[in-house]
Amino acid sequence: GSAFLLGAFPQSFWLVYAVQGLFIIGGRFRDSWTRSEGTPTKPSTMLYYWDLCWVANFLLAAAGMLVFIEVVDERYFGMLQLRIAQRTPTAGLLACLLATGPLGWSVFVLPCKMVLHDIANYANTFIHLWPVFTTLSMRWASEAVVATYPGHFDSLFEVDVGGFLRLVVLASKTYFVWWVPFTVWMLVNGRFQSPERTGRDTIYFRLMMNDAVAAATCGVRAPPRGTAIGTTPPHSLDDAAAAAAVLKYLVIHAMACHLSFVSSALCMISIEIHLGFALAGLLFSLYLGSVWYDKMLTRNVTTKVRRHIDASAAAAKRE
């Protein structure tokens with residue numbers, strides 16, 4: 001459905017993202033809320049939503065819905081006269097820079113699997129990949145967007161890009177609007193959160209426990225691979241709660257995001273680069289999804305079926 005709408009109505013594909021965002025992001029939020037028990041084995045994951053990717057998607061989806069409300073009001077009611085695009089002249093640029101920067105590159109780094117039936121996996125892919133295609137569709141069909149929604153996307157088409165360096169600086173300033181308060185929160189409160197001690201999980205803590213390379217880089221002694229949630233050794237908990245480890249993580253996060261801003265600026269300058277980046281992310285997520293389905297539907301299912309057959313054969317022999 002999304003692929004058809006992207007090709008047939010690229011000027012309105014932003015509506016797909018805005019509406020889907022309500023259901024998919026909302027569904028993931030609800031799933032996190034209902035699954036969380038605040039215990040070591042079923043910790044709350046609500047703190048995940050302070051991460052940059054989630055905050056960016058909350059803002060992008062909200063902006064999409066506000067523009068939708070503007071369009072409906074303008075065509076049928078004429079009461080609100082919001083015109084948010086005119087009040088935020090760089091909003092469109094920022095949307096593209098974030099989409100083709102930290103969000104888009106997270107598809108490869110995390111990595112994101114296109115697993116359609118699982119809300120956690122699909123939401124993870126959605127928040128990182130869909131903004132790339134949404135901004136691409138609007139730039140690719142810019143004339144149709146302007147003709148269909150005049151005045152609503154001036155911040156994307158009417159503003160002066162100003163060159164490569166200006167784009168990187170603009171993205172950097174926006175990033176630090178999130179990074180500074182998030183860093184303060186992590187140092188004051190976030191670094192102490194863990195399933196074992198507080199019943200709450202964070203993306204930082206989960207990364208330190210699951211990624212040995214990231215943990216070693218930040219000076220954290222990661223637990224043995226396969227350690228179940230709720231059974232993390234005390235020394236790993238102490239290492240992850242150290243201020244030095246948190247600062248290393250946040251500095252590396254900032255450096256990685258600024259590297260991604262280089263590519264996002266290039267995508268903003270060249271729509272062909274934007275297209276190539278979007279297709280690369282899509283193919284990569286589809287490949288990972290196919291590997292996951294192959295593993296689940298062939299290897300795992302085959303193993304279970306064989307065990308069932310062996311058990312049935314053994315029971316028949318006993319009879």
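**Notebook: fold and largest pocket**

I counted 14 helices and zero strands in the protein chain. Helices (H or I, at least four residues) and strands (E, at least two) are DSSP runs, numbered from the N terminus. This is a predicted model, where local features need pLDDT of at least 70, side-chain atom pairs count only at pLDDT 80 or more, and totals for chains, interfaces and linings use all residues. Residues are numbered from 1 along each chain as its sequence is written, and side-chain values use heavy atoms, with hydrogens and water left out.

Next I checked the overall extent. Along the principal axes, the C-alpha atoms fill a box of roughly 75 × 50 × 40 Å. I found 45% of the 319 residues buried (under 20% relative accessible area, 1.4 Å probe, protein chains only).

Then I went to the largest pocket. Its volume is about 1800 Å³, taken as the space filled by probe spheres set on grid points joined across faces, edges and corners. Of its 46 lining residues, Leu110, Asn124, Ile203, Arg206 and Leu207 are the closest to the centre. A pocket here is an open set of points on a 1 Å grid over the protein atoms alone, where a 1.4 Å probe fits, with protein on both sides within 12 Å along at least five of seven lines; lining residues have an atom within 4 Å of a point.

Which helices supply at least two lining residues each? I listed helix 2 (13-35), helix 3 (52-77), helix 5 (91-109), helix 6 (119-140), helix 10 (203-210), helix 11 (212-217) and helix 13 (243-269).

Key. Buried < 20%, exposed > 50% of the residue type's maximum accessible area, 1.4 Å probe, protein only.
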